[in-house]
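Student: I'd like to learn how to read a predicted fold. Could you take me through one?

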Amino acid sequence: MTGRGWLGIALAVLLLGGAAIAWVRFEGDAPSVEGPESLLIGSLGSVAFDIGDLGSGLREILISIRQADGETVVFERSFPGDLRSGGDAPGIPERFEIEIDPEALGLAHGDASLTVTARDWSWRNSFSGNETRREIPLTIDLKKPRIQVASGLTYVSRGGAGSVSYAINEETTRDGVMVGENFYRGFPAPGADTASGRRFALFAVPTDAPKGARIAVVAEDRAGNVATASWSVVLKERVLPDANITLPDRFLETKVRNLADAANIPQDDLIGAFDQINTALRAANEAKIRQIVANPSEAKLWDGAFTQLRNSKVTSKFAERRSYFVGGKKVSEATHFGYDLASTAGAPIEASNAGVVIFADDLGIYGNCVIIDHGLDLFSLYAHLSSMSVSVGDRVEKNGELGLSGATGLAGGDHLHFAILLGGTYVEPLEWWDPLWVKTHVDVHLSTPTR
Ligand SMILES: [Zn+2]
């Protein structure tokens, strides 16, 4: 072949190679932009987009918000690369999270639109790259929900319960009562029209709530705006009873051994085993109870006062701080969050009010235990039963039979351990057994019209 022939081939190869590069660099796949279809934000919001470009790599992202009077850039980024070889990074989709502070951006309450523009390193569009443009409707809600508390002066006691009637002018994601750091959820007011926005909440003052804990109605709307409203609540302090309990040897030898067996607690030291049952097993059982009561009925199932076990003698009261002794030495402590009621052995145990059985099984220190959901976050618990005649899902009427009393679980003798829970907090049963208290502290707020 002549020199010219070789030159011709070399030229052809160069041209072909150039054409191939040009073909690759001229790719037509626009960047991928994944994110929400629409957006609602409150006084502070955020939005995330997954953006990438596998063809020639990401070159630029621009995010802006447009409202009546103009457009504001909220995010801007360029990515290194060049037109010869494309983006430096491989262009795998990456998450970009953008904070939106409407006040700082000068945005107003109302409708707006958010635009995401992404470009790549392609030679298309006169070397400015393929472009993806996504416009998303954005609602800016800077108004807090309006809460109107209908209830008047309310008295509550440490360890006790209270209730409040209120109305909210918009849909909420969360509303109820804050007692210090504890939240008690609100429900549609029984019997009220949903459109009225009338709500009702029961709340508890935990025995360990800080002194002077703030009690207020709280509401959060869909945009995350939070409003609180106080009303007149007087918290009555009370002294919690103390009790010293001596553990008999036979209790350690039988009860503690049996419970330790069931819970896989070592038995070489029965006093240590008792302390583990009384602390670790108790905590595990309480955690389980909180799970069981996590999804209350939204309907009010109870009616009027709760009933106490017939012909029973109170042997231990609510929130008693117990110290346990063996041979004059303190070996453990716990707070007793219920009432111990003694009657004859194997006495019939009845539902203290109407509701639905949500638990009927063995529950560690509580032995055979029945839990009833009374609606609106109110529950009652019956422990140490010798037998149970109800199962989960059963509807029970007030005084309907649940089983027979016994001494299963951590019980020294035949008795009923009775407790009332409000949103996972134990409350003083005495209040709920008292028809006058139920009338003046609960029923009155159920029928209060919103001003
Ligand atoms: Zn008890």
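Tutor: Let's begin with domains: domain bounds here come from an automatic or database domain assignment. For this protein, the assignment gives domain 1 (28-140), domain 2 (147-236) and domain 3 (242-426). This is a predicted model, where local features need pLDDT of at least 70, side-chain atom pairs count only at pLDDT 80 or more, and totals for chains, interfaces and linings use all residues. Residues are numbered from 1 along each chain as its sequence is written.

Student: How far apart are the C-alpha centres of domain 1 and domain 3?

Tutor: Those two centres lie 58 Å apart. Now take the overall dimensions. Along the principal axes, the C-alpha atoms fill a box of roughly 120 × 65 × 40 Å. The radius of gyration is taken over C-alpha atoms, and the globule rule is 2.2 Å times the number of residues to the power 0.38. A compact globule of 451 residues would come out near 22 Å, but this protein has 33 Å.

Student: What does the secondary structure come to?

Tutor: Helices (H or I, at least four residues) and strands (E, at least two) are DSSP runs, numbered from the N terminus. The protein comes to 7 helices and 33 strands.

Student: How do I read strand pairing?

Tutor: Strands of a sheet pair through backbone hydrogen bonds, either parallel or antiparallel. The cut-off is that DSSP finds at least two bridges between the two strands.

Student: Which residue in β3 stands opposite Glu34?

Tutor: Asp50 does. β1 and β3 (residues 45-52) are joined by 3 bridges and run antiparallel.

Student: How many residues lie between β14 and β15 in their hairpin?

Tutor: There are 2, and Gly180 in the turn has a positive phi of about 60°. β14 (residues 172-179) and β15 (residues 182-188) run antiparallel, joined by 4 bridges, with Val179 opposite Asn182 in β15. β15 also pairs with β16 (residues 198-204), in the antiparallel sense over 3 bridges. There, Phe187 stands opposite Phe200 in β16.

Student: What should I make of a positive phi?

Tutor: Most residues other than glycine have a negative phi, and most peptide bonds are trans. Asn125 has a positive phi of about 55° although it is not a glycine, and its place is in helix α3 (residues 124-127). Asn399, in the loop between β30 (395-396) and β31 (401-404), has a positive phi near 70°.

Student: Is Asn125 buried or exposed?

Tutor: A residue is buried if 20 or more other C-beta atoms lie within 10 Å of its own, exposed if 12 or fewer, and partly exposed in between, with C-beta atoms placed from the backbone. Asn125 counts as exposed because it has 11 C-beta neighbours inside 10 Å. Asn399 has 13, so it counts as partly exposed. Across the protein, buried residues make up 37% of the 451 residues.

Student: How does burial look on a helix?

Tutor: An α-helix has 3.6 residues a turn, so residues three or four places apart point the same way. In α7 (residues 435-446), Val438, His441, Val442 and His445 are buried. They lie on the same side of α7 because they cover an arc of only 105° around the axis; that arc is of the directions from the helix axis to the C-beta atoms.

Student: Which exposed residues sit on the face turned away from the buried side of α7?

Tutor: Pro435, Leu436 and Lys439. Lys439 counts as exposed because it has 12 C-beta neighbours inside 10 Å.

Student: What covers the buried residues of α7?

Tutor: The cover includes β13 (161-168), β16 and α6 (429-433). Contact here means that C-beta atoms, placed from the backbone, lie within 7 Å.

Notes. Contact = placed C-beta atoms within 7 Å.
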